Every structure is written in structure tokens, then in C-alpha cells.
There are 2 protein chains.
Amino acid sequence: MTLECAPTAAVLIIGDEILSGRTADTNTGTIARFLGALGIDLKEVRVVGDVEDEIVAALNALRVRYTYVFTTGGIGPTHDDITADAVAKAFGVGIDYHPEALAILAARIKPEDFNAMRRRMARIPLGASLVKNGVSAAPGFQIENVFVMAGVPKIMQAMLEDIAPGLRRGRVVRAVTISASIGEGTIAAALASLQGQYPAVAIGSYPHYRDGGYGVQLVARGRDAAEVEKVAQAVEEIVRNAGAKPTRHSS
Amino acid sequence: MTLECAPTAAVLIIGDEILSGRTADTNTGTIARFLGALGIDLKEVRVVGDVEDEIVAALNALRVRYTYVFTTGGIGPTHDDITADAVAKAFGVGIDYHPEALAILAARIKPEDFNAMRRRMARIPLGASLVKNGVSAAPGFQIENVFVMAGVPKIMQAMLEDIAPGLRRGRVVRAVTISASIGEGTIAAALASLQGQYPAVAIGSYPHYRDGGYGVQLVARGRDAAEVEKVAQAVEEIVRNAGAKPTRHSS
């Protein structure tokens, strides 16, 4: 997809539970739609396990390539929560108890429950600023262009809300989806020709196969609404010329 | 997680539709569980868009690190299906119409529908062998340690079935999950101590937060069933000592 210069982003999902197939990752989709609404292009997602070297390597690869990196998971109080230490190592900075984070936790957790492991949640890489957690208090943090968030979806969503106002935005991508009960191969040549005419609008073709019948969703995506509309109308024409009925869905 | 030498794997999901948040990826979870049943450790997942250089770079990073790489998406007949070309480029080999693939497609598609774009689905990197598609005929392929599969979940699952018999297997990881209505911070120190005693069993702590109450799922994973059972019993004891009731789920 050829798009004008917009902020870019990567997501780094941290956790053995996704790789084992035990938990389905829903955070990627949430972040993707959040970024889409801000006009930020999500370019890459990686999932790694709870292994420090893997987290460090992935983070260092992503943070130099994209405007922003969003990580999820591994910032709780247990021994398998190693994200804060890994992020500090990736940036080559120290890590220590952050006074404001300690105060936030102390205000939320009863003194008799505020044990050493729960205090670990206040260990923040030096130079980072806190990301507010409106659900369960324990904060995330931002260091340079990296945002470190919780893995629990509801908490992660609250953190995104706190992060949003500080992000650089781009022009929002407009997408029009046209569905048809037709094999994509029937219209593939016409779609390729149309794509050649409109390089700034990405035409995606997503087939499905149900009950022995083929169908396809054709998506036109671009930052220029007038161009997207032209392409969408041309796609509808292509579908009709192939003897099928186009159904339009906008987003 | 410290585990004895087992085959390893990575997944490379190819497609703008995942990065835009339009489509939720379910293939990762399917592949993760498929590999788990064969005793193969899934170590990393990457999602990249329909961009040749991105696919080539990710594939070349993953294929030298892991026993196997499984890709999904981008092998259909339309202009945005560029995976086969990208894989050929990653391996530095040519690509051409594969006689067996052409025969498979010709047997399935009516002659009047077997146009140039549908023929593209028979273009296979030189040296690759075909992966059978029991659903819609158009094959995937294997080149060295890389398996290239369709993105449509039902078709991808059929391809996994074809691939399974040829894979090297490891000892299957046994997992026991214990859930409890307790904040994980309450038992974090005891869990860390237990993890220190049993380095070959990974103890994962996955909190959730619903209706204002905390809960946690504690997962013991390892290849030695007797060790996993010892750890599971110790986890149950830790939960009971904290005044909560452990509920066991095996898998």
C-alpha cells in the first residue's frame, strides 16, 4: 500500500500464553483499530515469549523502524513479569522504584497487602514517564517512542485512552468494503488493472469459502476520500460486469 | 521457559487486513494448538503487510532461527497475492508454473474459468514441493523448512493436516491450569520461590479483572508429567494457604 507519510507503529505482544495457543490475542485488533482512528499506520506485529533476550531483541528492532511501539503484557507482580527489566535493558538504562508509581499503588493497595512483589510493579526504567491505568491503578510507562502496557485487555484499553492525546496523528485512512458472491479469480485481472491506475489506493481482495461457495470482500483503502470513492465505484462496476451483485459496506 | 531440545517454530502472518484491524487473526491460535499437540514449540509470531521487502526480511530472519516456519496468506489469484514471489526472492531461487499444480487446478476449474490470474496460483518457487489443499484445490508449498499456506482458516487447517505427517515431533508439553479468585500479587512471592525450585516447569500467572474483582489462572507447563504434577499440587497448596479455593483444569 503506497500511502503518504503518516506516523507508523508496531505492536509487540509479550507472553507465553499466546504462543501456547492457550489465550487468543485480542489486543492486536484493539490497537489496530485505535491507531486507524488516529491515522497512524500499524506496520508490524510481533509476539514473543516471556524471555528477556527475545523481548530486548524485538524491541530494539522495532523501535528504530517505526514512529511508535506499543507493548502489551508482563508488567504485573509475578516472577514471569519481566517486561520492565527487558525494556530498561533494551534502552541501556537502569531501573528503580518510581516515587509516583509507588504513591499510586500505595493509595490503592491496603498496607498489609502491599508486599515486595506488588512493589515490583512500581519499578520503572529510568527516564520513563507513567501511563495511567484507570482500572487497577498499576501504571504502564512510556520511554522515548515506546509505550509499555498491561496485557489484560480492559486495562490495556484504559491505557490507550491515556496515551492517545500525546500521539502524533495522520490523515485517517478511509476504507470502503464491497462484498460479492463470486470467486476472486474471475475478476482478478480487472482488479489488477484498476490497482495499476490508482497506486495510492490499496485494493485488497479477501476471499472466503463457505458451504461449498466462494465469496470475496474487496476493500479499497486510501487517505484521499475522493480517490477511494472512484476506486470503490470502479470495483462495483467490475463485480457487475462479472454478473454478480456488489454490496457496499463503508467504514 | 527452560525446556529440553524440541523442534521450534515461528508463524508469519501476511496481510494488510490483520494490520488494519479489519480481520481478527485466528490462524495463530490454530497453528499454536496444532504444534503443541506435536510437541513443537512455537517461539515467535510476526504479522507483516502485503509488501514484498517486509515478507522477505521477516522470512529470512525466522527461517534461520527456527526448525520450521509457517506462513499464512497471500497465495490466491489477485494482484495483492505476492507471497510466492516473496518466498522465491527470500530463498534466492526462481519461480515458475509447477506442472503438478497446474494439473490440480485444471482438474478443478472449468476451462473457460481457468484464466491467467487463476494460473498464477500454480506459480511455485523452484525446488519447492506442493502442500495439498483438500478444500479448494489450489496448493500451498514447502521449500526447505518453510511451509506456505493459505490465509482462509478452513483451507489453512486442511493444509496443516497434509503437513503434519512430515514434521519432526517433540515430547508434548503437559499443562495444568489452576484458577482462583485471588489477586496474583498475594501469592507472587510463593510462586517465585516455587519457580526457582522447578526450573524445567514454566509457571505462568495470568490475571483477569472482571466486575471489580481479581482472579488469576496459574499454568504449570513442562515435558515431564510427574514434575508438572508436583508443581501443580504445590500451586494448589499456595492458593489454599492464601485462603482461596483452587480449581484445576487439565489440558
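Angles under 35 degrees count as roughly parallel, over 145 as roughly antiparallel, 65 to 115 as roughly perpendicular, and the rest as oblique. Axes are lines fitted to C-alpha atoms, for helices over the stretch in contact, and angles run from 0 to 180 degrees between N-to-C directions. Helices (H or I, at least four residues) and strands (E, at least two) are DSSP runs, numbered from the N terminus.

The crossing of α3(A) and α4(A) is right-handed. A crossing is right-handed if the near helix is turned clockwise from the far one by less than a right angle, and left-handed if anticlockwise. On the α3(A) side, the contact uses Glu52(A), Ile55(A), Val56(A), Leu59(A) and Asn60(A). On the α4(A) side, Thr83(A), Asp85(A), Ala86(A), Val87(A), Lys89(A) and Ala90(A) take part. Contact here means C-beta atoms, placed from the backbone, within 7 Å. By class, the contact of α3(A) with α4(A) has six nonpolar, two polar and three charged residues. Ala, Val, Leu, Ile, Met, Phe, Trp, Tyr, Cys and Pro count as nonpolar; Asp, Glu, Lys and Arg count as charged; the others, Gly among them, are polar.

## A nonpolar helix pair

Helix α8 (residues 184-197) and helix α9 (residues 225-241) of chain A have axes that come within 10 Å and cross at roughly 160 degrees. That makes α8(A) roughly antiparallel to α9(A). This crossing of α8(A) and α9(A) is right-handed.

Ile187(A), Ala190(A), Leu191(A) and Leu194(A) of α8(A) meet Val231(A), Ala234(A), Val235(A), Ile238(A) and Val239(A) of α9(A). The contact of α8(A) with α9(A) has nine nonpolar residues, no polar and no charged ones.

## Domains of chain A

Chain A is assigned domain 1 (8-166) and domain 2 (174-250). Such bounds come from an automatic or database domain assignment. The centres of domain 1 and domain 2 of chain A, taken over C-alpha atoms, are 38 Å apart.

## A sheet in chain B

Four strands of chain B form an open antiparallel sheet, in the order β10-β11-β9-β12. Two strands pair if DSSP finds at least two bridges between them. β10 and β12 (247-250) of chain B are the edge strands, each pairing on one side only. The twist averages 20 degrees from one strand to the next.

Strand β9 (residues 174-180) of chain B pairs with β11(B) over seven bridges. There, Arg174(B) has Gly222(B) as its bridge partner. α8(B) packs on the sheet and touches β10 and β11 of chain B. Its direction makes about 170 degrees with that of β10(B). Helix α9 (residues 225-241) of chain B also packs on the sheet. α9(B) touches β9, β10, β11 and β12 of chain B, and its direction makes about 5 degrees with that of β9(B).

## Where the chains meet

The contact takes 53 residues from chain B and 53 residues from chain A. α8(B) gives the most to the chain B side, with eight residues. That side divides into 23 nonpolar, 17 polar and 13 charged residues.

Strand β2 (residues 41-48) of chain A and β2(B) are antiparallel, with five bridges. Glu44(A) has Val48(B) as its bridge partner.

## Reading the model

Residues are numbered from 1 along each chain as its sequence is written, and chains are lettered from A and ligands numbered from 1 in the order written. In this predicted model, local features need pLDDT of at least 70 and side-chain atom pairs count only at pLDDT 80 or more, while totals for chains, interfaces and linings use all residues.

Technical notes
Two residues are in contact if their C-beta atoms, placed from the backbone, lie within 7 Å.
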